[in-house]
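Hello,

Here is the structure we talked about handing over. Please open it alongside this note; what I found follows below.

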Amino acid sequence: MSDTEAGNGRRSSLHGFWSSKLAFILAVTGSAVGLGNIWKFPYVAGENGGGAFVLIYLLCVFAIGLPIMMSETLLGRRGRRNPVASMALLGEEEGRGSWWQVVGFSGVLAGFFILSFYSVIAGWVFAYVGKSVSGAFVGADAAIVKDVFGGIAGSWVATAGWHTVFMLVTVVVVARGVERGLEQAVTLMVPALIGILLVLLGYSAATGEFEMGVRFLFEPDWSKVSGTTVLAALGQAFFTLSIGMGCVMAYGAYLPQETSIPATATAVVCADTAVAILSGLVIFPIVFANGLDPMAGPGLIFEALPLSFGNMAGGVVFGTLFFLLVGFAALTSAISLMEPAVAWWVESRGATRARASITIGLIIWALGFLSVFSFNLLADYTFLNGTFMDNFDYLTSNIMLPLGGLLITVFCGWFMSENSVTDELNVGTGRLYRTWRFLTRYIAPVAVIFVFLNAVGWLDWLSAAAA
Ligand code: PHE
C-alpha cells in the first residue's frame, strides 16, 4: 500500500492504497487460501459424506459467495474506513441509519473467534514442518501417523506452545505492517502450493484408491443430504472465501477506484476453489487406501498427508515444503483475520498499529486456550456442537459469517441507492451488472435465509403445515 498514490475516488483512504490491482488480488487470495482449503474442506466434506456436499458447496461458492465478495469489496471501497466505521458511514449516507455498523462489529468479533482456533491448527502445521524435516514420517504407516498426531494434539503443552508461536509471528507481521512483502510472496506461494498439490495428486492417483476418492468427492448421494449438510456447505463457502466478516471489506478500503471488482473477485474465488478441490482429490484416495476414517474430523489431513510423504520418493523434501507453504498460507489468512479489528482499533482509538495488534493478539491468544484444551484436557467436555473449538467453528462459519453476508448483500441490493452502487461498481449497467444485481438482491439473501430455516427444521415444519 502506498500513501502517496491517490485514488481518484470520492473519498480518500485513511490508510493509503494498494500499489496495484494485483496487490489487492494477492492480498485477498492470501486471505482466502489457507487452512480452510487444505485442512477444513477435506474434513468437513468427509464428515458430510462427500459428493452432494461438494456440489452444494460449489453452488454456494459461485452463486452466493462470489456476489457477496463483490458486494463486500464495493462497500469497503465506498466507505474507505474500517468495517465498523464504513458500515456506519454508508448506513447514514444512504439514509438507513448508523446501526448498520453491527455488521462491522460482528466481523470484528468473528475474527477474534476464528483466529483463536485457526492459530491452534496453524500451530500444528508449524509443528509438522519440524516433524517432516526430522524424518518422523519416513516409512510411516497408519498407526505411526496417528501416534505422531496424538502426541502433539493430545499434549496441551505442545499444542499451546505452537499456538503461541503462530500468534507471535502473526502479531509481529501485523504490528510491523510488513504485509506488503507477504502479499508479494503470495505470488510464489499459491502457484507453489498448487504445484506440490499436483505432485501429491500424482502420488495419490498412482498409489491410492483414486477412483474411490473421486467418487466420494463427486458422486452425490442425495439421500444423505439434510438441512445441516446444506448449512455446513454454506458455512464452508463463507469461511473459505473469507467473506461475511468484514475482512474483504477492510481490504477493499485500500482498493484504487479504477480497479474492476468483478474481475478481481472472480480471480480470487477461482484460485480458492482450485486449491480446495485439489486438496480433496489428494486426501481421499490416501484415506481410503490406508483404511483411515473420512469422518476423522480436524485431524484428517494430519494423518492422511504424512502417509504419502512418508512413502514417496523425496517425501522429506516435499513434506517439509508442503507444510511450510500451508503454514505460510495460514499466516496470510491470519493477518487478514486481525485486520478488521486492528483497523477499527487504530481508527477509533487513535492507537498505533503496533499497540493495537499486540493488545488484540493477546486477547485472541488467551481465547485460543479453549481450543488448545479442546484436544486434550477438555476433549470430553462437550456442549451444543461439541468441544469449545467445534463451537467456535460452528458459531462463526455457520452462523456469524452467513448472517454478516446476508446483511451485506441486503444492504447492497436493497438499501443502497442504485446510483451509489453503479457509481462504485463501475461496470455500467449491462449484463454483468444485471447478473450481479439479481444474485445480490434475490438469490444470495433468499438462499441464506432458506438454508438457515432448513437447518433448524422450519422448512419441514412449514411444508407439513401447508400439506
Ligand atoms: N479463508 C481463510 C481460509 O480458508 C480463513 C478466513 C476466514 C480468513 C474468514 C479470513 C476470514 O483459511
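Start with Gln257. Its side chain makes a polar contact of 2.8 Å with the side chain of Glu424. A second polar contact, at 3.0 Å, links the side chains of Gln257 and Arg80. Keep in mind that this is a predicted model.

Where does Gln257 lie? It sits in the loop between helix H11 (247-252) and helix H12 (261-289). Gln257 has a relative accessible area of 12%. That is under the 20% cut-off, so Gln257 counts as buried.

Most residues other than glycine have a negative phi. Arg80 is not a glycine, yet its phi is positive, at about 60°.

Ser242 shows a positive phi as well, near 60°, and is likewise not a glycine. You will find Ser242 in the loop between H10 and H11. Is Ser242 buried or exposed? Its relative accessibility is 10%, so Ser242 counts as buried.

An N or O atom in the Ser242 side chain is 2.9 Å from a nitrogen atom of the ligand. A polar backbone atom of Phe239 is 2.8 Å from a ligand nitrogen. For Thr240, a polar backbone atom lies 3.1 Å from a ligand nitrogen.

How much of the ligand's accessible area does the protein cover? On its own the ligand has 320 Å² of accessible area, and the protein covers 100% of it. The space that the ligand takes is the largest cavity.

Which elements give two or more residues to the shell around the ligand? They are helix H1 (21-32), helix H2 (35-47), helix H10 (227-241) and helix H14 (315-349).

There are 14 residues around the ligand. Those that come nearest are Ala32, Gly36, Tyr118, Phe239 and Ser242. By class, the shell holds six nonpolar and eight polar residues. No charged residue is part of it.

One is Gln257, with its side-chain contacts to Arg80 and Glu424. The other is the ligand, with Ser242 among the residues that come nearest.

Best wishes

Definitions and conventions
Residues are numbered from 1 along each chain as its sequence is written. This is a predicted model: local features need pLDDT of at least 70, side-chain atom pairs count only at pLDDT 80 or more; totals for chains, interfaces and linings use all residues. Side-chain values use heavy atoms; hydrogens and water are left out. Helices (H or I, at least four residues) and strands (E, at least two) are DSSP runs, numbered from the N terminus. Buried means under 20% relative accessible area, exposed over 50%, partly exposed in between (1.4 Å probe, protein chains only). A polar contact is a pair of N or O atoms within 3.5 Å; within protein, one must be able to donate a hydrogen and the other to accept it, and residues adjacent in sequence count only if both atoms are side-chain atoms. A residue is near a molecule or strand if one of its heavy atoms lies within 4 Å of it. Accessible areas come from the Shrake-Rupley method with a 1.4 Å probe; for residues, only the protein chains shown count as cover. On a 1 Å grid over the protein atoms alone, a cavity is a set of points where a 1.4 Å probe fits but cannot get out, and a pocket is an open set with protein on both sides within 12 Å along at least five of seven lines; lining residues have an atom within 4 Å of a point. A molecule sits in a cavity or pocket if more than half of its atoms lie within 2 Å of its grid points. Ala, Val, Leu, Ile, Met, Phe, Trp, Tyr, Cys and Pro count as nonpolar, Asp, Glu, Lys and Arg as charged, and the others, Gly among them, as polar.
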